Each structure stands twice: as C-alpha cells, then as structure tokens.
Amino acid sequence: MPYPAGPQDALTDVAGLRVGHAQRIGDGALTGTTVVLAPEGGAVAGVDVRGGGPGTRETDALDPRNLVQRVEAVVLTGGSAFGLDAASGVAGWLEDRGRGFRVGPDAAQVVPVVPAAALFDLGRGGDWRARPDAALGRAAVEAAAVTAPGAPVAQGIAGAGTGAVAGGLKGGIGTASAVLPSGATVAALVAVNAAGSLADPLTGALYGRLYEGPVTLPAPERHAAALRRLEEAGRISRARSAASVHPPLHTTLAVVATDAALTRAQAHKLAGTAHDGLARAIRPVHQLTDGDTVFALSTAARPLASEEALATPAFGVHPEAGALNAVLAAGADVLTRAVVRAALAAESVDGPGGVFPSYRELYGNAAG
C-alpha cells in the first residue's frame with residue numbers, strides 16, 4: 001500500500017539532511033552539482049553501481065569491510081569524470097569546519113571522505129569544456145548548509161539535473177518521501193539523465209506513473225504530435241551539437257535515505273533494492289552507456305524496529321528483518337516517484353547544445 005509523504009515530499013523529510021544545488025547556465029554552460037549534507041558526525045552510507053559506464057569517487061570507502069564508518073556529504077554532479085572535481089570543493093569546505101575522519105591528535109586533522117558520482121552532460125550547453133569544478137562543489141555545499149531543517153528541495157533544472165536529458169526529454173532533479181507505519185521516514189533524490197525513456201512509446205504515459213494507480217493516458221493525437229516534436233528536436237540537436245561531439249552517454253544518480261538505524265551492510269542493501277525504482281520508471285536502464293549509481297544514507301535517528309515489534313514477531317518473520325524489508329520496499333517506491341517528479345518539474349531547453357523538450361511541453365494538461 002502507498003504510504004503518506006512527509007511534510008515536503010522530499011529528501012529533507014529525513015531529519016538532519018540538507019540539500020544544496022549550484023549550477024552554471026549560459027555562455028555555453030548547462031551543468032551543475034548537488035550536495036546532500038549529513039548532520040555533523042555524518043551518516044551511515046552504502047552504494048550500489050549498476051550502470052556500465054560509472055564515474056565515481058570514494059565508493060570503495062563505503063564497503064562495510066573498510067575503515068571509515070560515516071560520511072559527512074554525498075555529491076551528485078554533472079561533467080562526467082571531469083565533474084568529480086566538485087567533490088574536492090566539498091571536502092575542502094568540510095575540512096575548514098573540522099568535519100571528517102580524524103587522523104591525528106588535533107581536532108583539525110581530519111580527512112573528509114566525500115563519495116561522489118557524475119553524470120554525462122558534456123556539451124549540452126554548447127561548450128564541451130563547461131563543467132563543474134571545486135568552486136561549484138563548494139557553492140553547492142554552502143547552499144545546503146544555509147538551508148533550514150526540513151526545507152523544500154528545488155526540482156527540475158537545478159544542481160546535477162541542470163544538463164540532464166532522458167530519452168530525448170529534458171531531465172532534472174526529482175525528490176519524494178514516505179512515512180512508514182513504524183514512523184520511519186524513507187526518501188529519495190534523483191538526477192534523471194537516462195539513455196532509456198521515461199515514457200511509454202505506445203501511449204506517452206510516464207512509466208513511473210503506472211505504479212501510482214489508475215492512469216489517464218494522453219489523447220492519441222497529442223501523443224502523435226509529441227513523437228513528431230521529439231523527432232524534430234533530435235534532428236536539431238544533432239545538427240547543433242556536431243562541433244561539441246555530443247554522444248549518447250548518460251547516467252542517472254540517486255540518494256535514498258532514512259532515519260531508521262541501518263548497519264553499513266543494510267545501507268548497501270537499501271542502495272541495491274532502490275535500483276528497482278529506477279527500473280520501474282526508466283526503460284531500458286543500467287546500460288553500458290549509463291553509469292547508474294544509487295547511494296543510501298541512514299541518519300540512525302530511530303531504531304529500525306521498536307522494542308514492541310522486537311517482542312512480538314509477526315508471521316514467523318524476525319521483526320528486524322520485517323522492519324528492514326519495509327524500508328527496502330519504500331526506498332524503491334520513493335525513487336520511482338522521484339523520477340516521475342523530475343520529469344514533471346523539468347522545463348524545456350533550446351540552446352546551442354541542443355533542443356530538449358520537457359514532458360509538460362509535449363503533453364500539457366495530460367502530464368497531470
């Protein structure tokens with residue numbers, strides 16, 4: 001059954017998490033960086049990479065067998081492998097505040113471990129060399145730091161979603177949350193930039209909406225017009241982007257988080273099962289030309305299973321396993337909804353790097 005959303009229907013409904021975006025638009029640029037900032041002391045983290053062309057940093061540090069137990073921030077960024085420089089700006093900001101893995105007797109002797117993943121948006125603004133750097137990463141973490149607890153999260157063309165494209169449609173940032181009967185919150189934030197499609201080519205309906213209940217399909221004539229517009233936009237984009245070498249490379253990035261206390265191994269499991277949410281909303285997904293990566297965070301603010309649940313196992317299932325299963329299932333659900341919200345929040349772009357119509361432009365009121 002669907003669960004109610006949190007107050008913002010956003011990743012920031014997990015208390016203690018903050019989100020900041022920074023982007024560059026114009027003068028050949030269409031790219032950006034998003035930072036998820038954990039509470040001081042960090043969050044338990046996991047990761048699952050399923051795309052065939054990932055660009056990542058510090059993902060090995062999240063292996064449960066390794067030393068560092070918590071991370072202070074996660075970075076999602078445009079710019080492909082070049083854009084991973086944004087994480088250096090975040091690490092520098094954290095170091096300035098003494099936040100990170102302590103390596104010496106002085107409290108200032110810390111090494112911030114900042115896991116990061118990049119999506120491919122090179123050339124989408126027209127300039128192949130316009131990409132995030134350390135300065136943009138610092139701007140994104142500063143933006144996160146000044147937000148109030150539980151603040152709304154900008155969606156659509158923002159941060160890492162600025163130059164995102166999905167199946168020819170303009171992609172972007174989306175976020176969603178759910179509050180479980182146990183009281184635990186599970187939420188997701190996604191930068192949708194997929195080689196696959198978000199919409200059924202036969203009807204125009206967003207795949208992710210098929211999991212939300214009955215769907216009103218776009219009128220056949222509206223859908224036919226949308227397909228013609230997409231084909232036209234593709235021709236224009238190929239002509240405009242020839243000089244900037246615009247290959248069909250992509251990658252969708254996400255962070256799924258909860259306030260339920262998870263071990264590092266359980267966080268890895270959450271990251272893995274959350275990929276089911278992408279598979280529902282994007283077809284095909286996890287291809288060689290994608291670098292699809294999902295991070296999972298646990299602020300561990302509440303027990304995974306209450307003492308009452310632990311004392312009364314139900315249906316012969318260990319209550320802690322049952323509680324974890326509820327979090328895992330919700331993680332996939334909120335990620336599906338976040339992809340849908342990204343598609344609906346995105347706005348069309350018509351620039352030197354190409355023409356990328358939004359779902360709302362193509363389907364109008366049928367987008368819902």
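Five strands form an open sheet in the order β3-β14-β13-β12-β11, with mixed pairing. Strands are DSSP runs of E with at least two residues, helices are runs of H or I with at least four, and both are numbered from the N terminus. Two strands count as paired if DSSP finds at least two bridges between them. β3 (44–49) and β11 (172–179) stand at the edges with a single partner strand each, so one side of each has no neighbour in the sheet. The twist averages 15° from one strand to the next. Axes are lines fitted to C-alpha atoms, for helices over the stretch in contact, and angles run from 0 to 180 degrees between N-to-C directions.

The model is predicted: local features need pLDDT of at least 70, side-chain atom pairs count only at pLDDT 80 or more, and totals for chains, interfaces and linings use all residues. Residues are numbered from 1 along each chain as its sequence is written, and side-chain values use heavy atoms, without hydrogens and water.

β3 and β14 (residues 293–302) run antiparallel and are joined by 6 bridges. D48 has V294 in β14 as its bridge partner. Helix α4 packs on the sheet and touches β3, β12 (185–192), β13 (253–260) and β14. Contact means heavy atoms within 4.5 Å. The direction of α4 makes about 45° with that of β3. Helix α6 (residues 319–345) also packs on the sheet, touching β11, β12, β13 and β14. Its direction makes about 145° with that of β11.

In α4, 13 of the 18 residues are buried (under 20% relative accessible area; exposed is over 50%, partly exposed in between; 1.4 Å probe, protein chains only).
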